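Hi,

Here is the structure I said I would pass on. Have a look at it first, and then read my notes below.

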Amino acid sequence: MRIRTVFCIVFTILMLIVGCSAQVDNTFDDDLLLVGAGFRNTIMYYLSDEGFIVPVMRKIPWEEGIGKATLGYLIAGGANSSELSHKGLNAVIPEGTEISLRIDESGLATANLTNFTQFESMEAENAMIVAVVNTLKEFPSINTVSITVDGNGGKLKNGTILPENCGYINVNLEDVDAETMTSDGVNVFSVYMPNTSGYLMIPLTMYSTAENSFYGAMKLMCEGSKNAFIRQCIPTGTNLIDATIDGTSATVNFTSEFANISNIEGLSEVCYKAIYMTALEYGQIGELRILVDGKPFDMGEVTNPIFANEF
């Protein structure tokens, strides 16, 4: 894998004793994800070349046991790795690994890995765990996820604890000091920003005492990221006047400096997408209005995205 920087992942694993009877993979679908000719829009998590965990929608054939089939797309090797590498992405499960998936009546999915080649770093172990857990959590029938190796829990080679009854894991933690993370009134935000090439949209987990709202998230987007592999898509000097969501309509009002976005080729499109994906964290959005000093601003030819990344 080509990883140019180490990413931080913070998550809590709950150790619970579960006595429910297990079944084979009986993942069911949200009909809205099914597309024509027996295909399904499926969100999977991969590792980018820069070290980010990235959600990507892939259109795959629908089949019985779609959860297990989806995990197969996370396994390195062959055409899968070749296709991913052209997108700046990497599969997170070692080549040759075999996977079984059981889902019990409580919605606990247990992914068991066999013929598993241990990783040489804790970072790679973490990347696999986060990608597997979050990929399975995209299925409406799955509430929590456990991962075992050869039927056993515990730890991987480098000490990473295998998750048990784990929910969604926040990804791509923005650099933050311990005092901020533990201070009173701190909120956790998911803010989307493009990578430096603008090709991938990266969800960043940011801790802040900013107002826990779309307005607070937009304030953080204006401040930008400290990560060198994240592109600042809000023009320098821009201040946020307001950011609101009314029903399914989101409106963001910037100061006049935002108009400079028109001078940078391609920036309007990635900026619009970043704002739209961030707004979706606060509800269903059908319209995004961009204002500058209270007046409508033309962002050019932009479309409302459904997924952060897709191919």
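Let me start with a sheet: 3 strands, open, in the order 5-6-7 and with mixed pairing. (Strands are DSSP runs of E with at least two residues, helices are runs of H or I with at least four, and both are numbered from the N terminus; two strands pair if DSSP finds at least two bridges between them.) Strand 5 (98–103) and strand 7 (144–149) are the edge strands with a single partner strand each, so one side of each has no neighbour in the sheet. On average, neighbouring strands here are turned by 20 degrees against each other, ignoring direction.

Strand 5 and strand 6 (residues 108–114) run antiparallel and are joined by 6 bridges. I103 has A109 in strand 6 as its bridge partner. Helix 3 (residues 122–137) packs on this sheet and touches strand 5, strand 6 and strand 7, with its direction at about 135 degrees to that of strand 7. (Contact means heavy atoms within 4.5 Å; axes are lines fitted to C-alpha atoms, for helices over the stretch in contact, and angles run from 0 to 180 degrees between N-to-C directions.)

Residues are numbered from 1 along each chain as its sequence is written, and side-chain values use heavy atoms, with hydrogens and water left out.

How confident is the predictor? The chain has a mean pLDDT of 90 (confidence per residue, from 0 to 100), and 88% of its residues reach 70 or more. Over residues 1–24 pLDDT stays under 50, although the model has 64 contacts beyond four places in sequence for them. Where pLDDT is low, the predicted coordinates should not be read in detail.

The largest nonpolar core has 90 residues, and I275 is among those with the most contacts inside it. (Such a core is a set of buried Ala, Val, Leu, Ile, Met, Phe, Trp, Tyr and Cys residues joined through side-chain atoms within 4.5 Å; buried is under 20% relative accessible area, exposed over 50%, partly exposed in between, with a 1.4 Å probe and protein chains only.) Beyond four places in sequence, I275 contacts residues including F214, M218 and V252.

E269, in helix 6 (residues 267–279), is exposed at 55%.

Cheers

Notes. This is a predicted model: local features need pLDDT of at least 70, side-chain atom pairs count only at pLDDT 80 or more; totals for chains, interfaces and linings use all residues. pLDDT is the predictor's confidence in each residue, from 0 to 100.
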